[in-house]
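This report is for a reader meeting the structure below for the first time.

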Amino acid sequence: TTNGMRIIDTSNGFIELGVDTNQHSKLIWGSNGANKNLTFGHQTTLNSVATGTAVLHLEGSTGNVGIGTTAPAQKLVVANNTSTSDTSAISIISGNAGDAYLNFGDAEDDNRGFIKYQHSDDSMSFRTSGSGTDVLIDSSGNVGIGNTDPAYKLDILGSGDSNGQHRIRVKTTSPPANAGSIIQLATETGDGYLIRNHSTMNGLY
């Protein structure tokens with residue numbers, strides 16, 4: 001064709017790069033028949049799209065992208081499951097004083113929610129409903145709900161309910177006889193106090 005290159009094959013078309021002395025391609029870019037999929041990887045058999053290992057796969061019919069898989073069911077699937085002990089991970093790396101984000105959006109707002117790691121102070125925060133920070137874990141492990149500067153292991157800040165009250169609920173569903181809910185306030189060396197809601201015993205112990 002004019003100013004270009006065309007490969008036409010009614011079954012499989014592919015480009016091979018970096019063929020070694022054993023006639024094994026080190027990189028293959030192939031389109032698999034009617035599905036028009038694109039696969040990048042390396043072959044174990046010359047002139048064959050089907051054999052070898054796929055590194056990156058673009059599904060032609062859906063636009064789904066697979067890394068380590070040729071059957072991505074979502075827009076992006078990362079797979080490393082050849083054996084039961086294999087581990088998969090995704091890294092988001094920013095500068096030492098920058099932020100690393102994972103944003104969740106919709107058609108009207110591309111940042112309705114997020115998970116953010118702030119490297120400047122080593123905190124992790126979570127957002128829902130499109131604005132502010134709902135939960136923050138600071139570098140010492142303190143958790144703030146509605147509070148971006150928690151001073152305690154759990155630090156809750158906000159306007160509360162219609163009566164201006166904050167409530168923490170511990171509720172037992174379908175409890176057996178004589179069961180209840182307990183909040184235990186303990187030290188490292190002792191059991192401390194129990195706040196108990198029980199069919200026969202209620203109160204602080």
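## A loop residue and its contacts

Apart from neighbours within four places in sequence, A97 is in contact with H119 and S120. The model is a predicted one. A97 belongs to the loop between β6 and β7. With a relative accessible area of 67%, A97 is exposed, because a residue counts as exposed when this value is over 50%.

A97 and S120 are 23 residues apart along the chain, while their C-alpha atoms are separated by 4.5 Å.

## The chain as a whole

The protein chain has 15 strands and zero helices. Of its 205 residues, 16% count as buried. The chain exposes about 14,800 Å², and 52% of that area is supplied by carbon and sulfur atoms. Among contacts between residues at least 6 apart in sequence, 5% join residues at least 24 apart.

The mean pLDDT of the chain is 80, and 73% of the residues reach 70 or more.

## The aromatic pair

A search of the whole structure finds one aromatic pair. The pair consists of Y101 and F114, with 5.6 Å from centre to centre and 85° between the planes. The arrangement is edge-to-face, because planes over 60 degrees apart count as such.

Y101 lies in strand β7 and F114 in strand β8 (residues 113-118), so the pair ties together parts that are 13 residues apart in sequence. Y101 is partly exposed, at 37% relative accessibility, whereas F114 is buried, with a relative accessible area of 4%.

## A buried serine

S125 is part of strand β9 (residues 123-127). The relative accessibility of S125 is 3%, so this residue counts as buried, the limit being under 20%.

Leaving out residues up to four places away in sequence, S125 touches F114, I115, K116, T133, V135 and L136. One of these contacts, F114, is also a member of the aromatic pair.

## A nonpolar surface patch

A nonpolar patch on the surface is formed by I67, L76, V78, I90, I92, L102, F104, I115, M124 and I137. Together these residues have about 830 Å² of accessible area. The elements that give two or more residues to the patch are β6 (76-78) and β7 (99-104).

I67, one of the patch residues, is placed in strand β5 (residues 65-67). The relative accessible area of I67 is 37%, so I67 is partly exposed. I115 is also among the patch residues, and it is touched by S125.

## Around Q184

Strand β13 (residues 180-185) contains Q184. This residue is partly exposed, with a relative accessible area of 44%. Not counting residues up to four places away in sequence, Q184 touches D191, Y193 and L194.

Of these contacts, L194 is ten residues from Q184 in sequence and 4.6 Å from it in space, C-alpha to C-alpha.

Terms used:
Residues numbered from 1 in each chain as written. Predicted model: local features only at pLDDT ≥ 70, side-chain atom pairs only at ≥ 80, totals over all residues. Heavy atoms only, no water. Patch = residues over 30% accessible without salt bridge, like charges linked within 9 Å, V, L, I, M, F, W, Y side chains within 5 Å. Areas by Shrake-Rupley, 256 points an atom, 1.4 Å probe, with all protein chains shown as cover. Salt bridge = Lys/Arg side-chain N within 4 Å of Asp/Glu carboxyl O. Helix = DSSP H or I, 4+ residues; strand = E, 2+ residues; numbered from the N terminus. Buried < 20%, exposed > 50% of the residue type's maximum accessible area, 1.4 Å probe, protein only. Phe/Tyr/Trp six-rings, centres within 6.5 Å; stacked < 30°, edge-to-face > 60°. pLDDT = per-residue confidence, 0-100. Contact = heavy atoms within 4.5 Å.
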